[in-house]
Amino acid sequence: MIPFLFSLILVPFLSALGTATVRNITLARTISLVGGFTTLALALRLCAPPPACLDTRGLAYSVFLPWLPQIGIEFSLGIDSLNRLFALLSPFVTLLALLALNPSSSRWLAANLLWLESALLGNFCAQNFGTWFLFYELSLAPAFFLIRSPGDPNASRAALRFFLYTQAGGIAILAGYLAIGLSCGTFSFPELAHTQISETLNQKFAIPWLSNLIFWLVLGGLMIKIPAIPLHGWLPETYSRAPAVAIMILTGVMSKMGLYGILRLLSPVFPRELSQWAGILLWLAVAGAVFAAFVAITQSDLRRAFGYLSINHLAYCLMGIFSFHLLPPGTSDKTADLLYSGVLLLAFNHGISAATLFAILNALEERTAGKHSITDFGGLRSLAPVLSGLGFISIFASLGLPGLNGFPGEFLLFVGVFHVSWPAATLASLALLLGAFFLLNVIQRVFWGPIGKNLQNFPEIRPHELLWAVPAAAAIVVLGIWPQAILNLLRWP
Amino acid sequence: MVNYPHLLFLTLTLPLCPLLAFALSLWLPQKAWRISATLAILGQLLATIAAAALFWIFLSPSPLFTSPPHTSETSRYYWNFVWLQLESIQFPIAFLLDPITAAMGLMVATVSLLVFIFSLGYMADDPNSGKFFTYLSLFTAAMQGVVISNSLLLTFISWELVGLCSYLLIGFWHQKPAAAAAAKKAFLVTRFADIGFFLGILWMQAATGTLLLYNNGHGILETDMLNGLSSTLAFGTITLSNAIALLIFLGAAGKSGQFPLHIWLPDAMEGPTPVSALIHAATMVAAGVYLVIRLFPLFNAAQISPTDSTLPLSVVTWVGATTALFAALLAIGQYDIKRILAYSTISQLGFMMLAVGVGAPIAGLLHLLAHGIFKALLFLGAGSVIHGCNGEQDIRLMGGLRKSMPLTFLLYLIGTLSLAGFPILFCGFWTKESIFHAAHSWPLSQVPYLLASFAAFLTAFYMIRQNATAFSGTSRSLHHPHESPPVMIIPMAFLAALSLILNLFLTPAWPWLEFYLERKISSLHFNPSAFANPEFLSTAILSSCLTLGGIISALLIYLRARGKEPLSSFLGPIYSALENRLWVDEFFRLVLVKSAQALSCLFAAADSFIFQGSVVAIAKLATIFAKIVDFIDQFFVNLWFDVICGGMKDWGTSLARISGGRASSQLRFLAAGLAALLAWLLFVLVVQA
């Protein structure tokens, strides 16, 4: 019998192969949807309480294959409290994207979505750096093909830039981790968490600042992936060129890869360096949140603007992570609990609401031959009330309105950050106001007001669009009222 | 196990019935708007009945329920439930029932119900009336959430939902750019203030570890916690309780339109008139004052002696008094019938804040309740006028409506006199009177009292100005005004009757409502001698004189004005300053909005040059590197390769020449090889020997 996590990664991969090779478009779409559904159905098993028999490292469903045993690289997968949510998020968002995909669009797009999903799942489930990096690199190829929509030279350039920039980050991570793994003799995450990396590194190479250098290399690489200011430069161009459906995954799941990477690759390994730099990093994250919110206001391109909004939300998550490391040892674990839950809850819910925003943008673009400037629309509330209602829900969720899914995570996170540093929380709350300013501008100019030019034949939501709209809206509302559903998943025996 | 489940059930009915109506009518199409309206009214009716039952409970002895005896201490019920459960910490959603909840809940439910019924007539022809009733239901549900909350978290959640609904309803006619802009402005101004509230909540959680108001001695409004909060210094000489109270007051000031955050309220008139009635009377702006009343123990914590006041209460007092006077002044310069009422609301909210600030939260609450009733009446009256004049809102273009709309005129007059505080006969007089009384005995300063007294004079003046200009004289209207249908008149009549009846429960001789709210109704006696109390008389006579003075002067000026504005020539530039609302809006637009936009342009430029530039640079570097590699490849690697290849080729040719297949040459090589081998063997033998 194939192990559970193997099948979780293989099902999307095989359906990607199927989708790409089958000639018949309808059949290809069917394969892609069945693949997406099956993956989600498999992943839903993670919602159940973990099996009673965890392995010695506290992992569930673990898979272990030797690979390069001489240097401690192995193929190792496993679920713990940290990656459980992410392994659940990626199939959901991918399925939303597959459903949002125009039925007549090329099967190449669907195949790449599935391929990317497979790589992301592998990355989230990896328990060894070798495995992690394998899937990290594997994810770049489908992402590259997703962004590079054929026939658009700008998109090709954007895809190349994205690839090179992210690859630079990947190399930094690889270099850093090779030094760590070779000096410790293991690349396994659970084992690395118990070693005193900084001491080992500095003693072995007799360079006192080496551990700091490696810390910054890995952090920089991960911050590119999120992206976090100041390493977010690839985002605007990529977001304005890539197909909106691809951005659903980029912002919904791929950005979480960076956040998750910090929690997996850095937090357990470099506690000393993190607490040493966390003060500066916290303020960097706060500045990033405010900066991104400010920049979002001036963008006329809705995709770029929502991209900056994403940066803003991810910066809140980073604030939570860095505040966590700013806690002096021995403080009550209440604050740590708040921050940990807040970061994961916000990351999960941001994945859903940001993906929904881009799904709606995709629907708007399909109706206007690809227009996505804020000035191209107007009065959609009168033309398509249901679609606009969906837009309102996801916009207000992004705005952090209580009752929708953005609020609980934001609340927990801000309570925690306030515990650690009230000036940081206060300044960051300015970004909450700026974000609201931007989002209400979108409502005013896209959904409200007089009906825009050439929009008279703007169709209302179509039945096949309800397939993604209903689950997305339901998730936003239900998780807003009952966030405990997700909080329960954070518990691990 | 839940204590008193029937009380909890009734308390939860207040928000849940409208919420259910919202959830159901959300799915109905516009064609079924009458069902939406019915659902909304039915939900609100049930909530009103529950509110009345709750109100009844605190009458002692309670005739409906066998509950424990209500003394001043025990007449408070609360139920705390966990909403977010983390490993080591939890966040509750909690509900509170006491006489303040009951009275406020009853007022909100009743006024909302009557406004809903009125809307049945007012919104009948609107193409989106179904959505209108849907939003209205959510609006009152959220407001009731604020009313029954026993935790700052639930208050904040409901508070934001109130903000959302006001946004949706102010922007209900979103095709009008002005309405869309007004909705955005309202949401942003209140959200700015809410950030203060939010930070206050965060601080409270950080400092005390709880957000519950009452929790068996561990809530933030209970003595232990208050002592702790008021004995810790936040910074400087400001105690923790003071700092948190000030932050929360920022939120309350935003919602309740206190100066200078009042700017959203007049613009909110862009919404349909029933919405204005709700926002101004029962739901939105009342939330701010209600919150400060509810949290009064926190604001009042660490008061050293009765002759002193805490910092937050002083701030509340001064802000309230300033707002009362400022808005009353601006009201004189307005011509839009609804805008005048909007400024009057701001001014009255200032009165309420003043009352809380000088230490009389119950007086503030009394005014809030009475104001809710007569302000709803006034707005519905204004709606009836606008409906009758085919959408005209400028009072200069009305005139003579007394004849064409006699019922509206009569009811509007009752509202006007209640708001103006016409002595003895109208309820505004009594509630304002108790505010004056409290302000007069404030130990720190008499200035707020004087400001408020002047504001009371202006209130009478601008209300009579409005009334006289719109209703008396001859018609200046281009349309033919007509009286409104009964479905609109009857709710107004109810409200008018309520405000007149309320009068009976507010006099100092029999202050029934005040004693009810203070939980000492059992000791209430009819005491006519209270009228002769010199303390009462001194403020009462002064305020009566001011009010009557305002009424008479306005009558003298405006009864013969025929739609002209006599004050504009008399006051000159001062009046035009009032007309322009003292440029507060322009100030904010210039200072805040423009600077935010400038900053964001600056940041965007920095972003594209520096950060996106770095990506381009990396991509360029990679390309250049690739070109260099290509160059090296072409001219070095390939060159060597070519050289080697050429060499190999030549060598191969030579080798091929060797192995040409000719036997003679092969044998020659074989012979040479054998010779070499023999030579080697010989050499080895010689060396060994």
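**Close-up views of a two-chain predicted model**

View 1. Asn503(B) is placed in the loop between α20 (486–502) and α21 (512–517) of chain B; helices (H or I, at least four residues) and strands (E, at least two) are DSSP runs, numbered from the N terminus. Because its relative accessibility is 9%, Asn503(B) counts as buried; buried means under 20% relative accessible area, exposed over 50%, and partly exposed in between (1.4 Å probe, protein chains only). Apart from neighbours within four places in sequence, Asn503(B) is in contact (heavy atoms within 4.5 Å) with Ile424(B), Leu425(B), Phe426(B), Cys427(B) and Trp430(B). The model is predicted, so local features need pLDDT of at least 70 and side-chain atom pairs count only at pLDDT 80 or more, whereas totals for chains, interfaces and linings use all residues. Residues are numbered from 1 along each chain as its sequence is written, chains are lettered from A and ligands numbered from 1 in the order in which they are written, and side-chain values use heavy atoms, with hydrogens and water left out.

**View 2. The contacts of Arg465(B).** Arg465(B) belongs to helix α19 (residues 447–471) of chain B. With a relative accessible area of 0%, Arg465(B) is buried. Beyond its neighbours within four places in sequence, its contacts include Ala331(B), Ile332(B), Gly333(B), Gln334(B) and Tyr335(B). Glu565(B), Tyr558(B) and Tyr575(B) are also among them.

View 3. Side chains of opposite charge can pair when their charged atoms come close. A salt bridge is a side-chain nitrogen of Lys or Arg within 4 Å of a carboxyl oxygen of Asp or Glu, and the whole structure holds 15 of them over all chains. In the salt bridge of Arg264(A) with Asp80(A), the closest N and O atoms are 3.0 Å apart. This pair links distant parts of the chain, 184 residues apart: Arg264(A) lies in helix α11 (residues 244–266) of chain A, and Asp80(A) in the loop between β2 (73–79) and α3 (84–100) of chain A. Arg264(A) and Asp80(A) are both buried.

**View 4. The salt bridge between Arg191(B) and Glu160(B).** The side chains of Arg191(B) and Glu160(B) form a salt bridge at 3.2 Å, N to O. Arg191(B) lies in helix α6 (residues 177–208) of chain B and Glu160(B) in helix α5 (residues 152–170) of chain B, so the pair ties together parts that are 31 residues apart in sequence. Both Arg191(B) and Glu160(B) are buried.

**View 5. The crossing of two helices in chain B.** The axes of helix α3 (residues 99–122) and helix α11 (residues 284–294) of chain B come within 12 Å and cross at roughly 170°. Axes are lines fitted to C-alpha atoms, for helices over the stretch in contact, and angles run from 0 to 180 degrees between N-to-C directions. That crossing makes α3(B) roughly antiparallel to α11(B), a term for angles over 145 degrees, with those under 35 counted as roughly parallel, 65 to 115 as roughly perpendicular and the rest as oblique. Ile100(B), Thr101(B) and Met104(B) in α3(B) meet Ala286(B), Tyr290(B) and Arg294(B) in α11(B).
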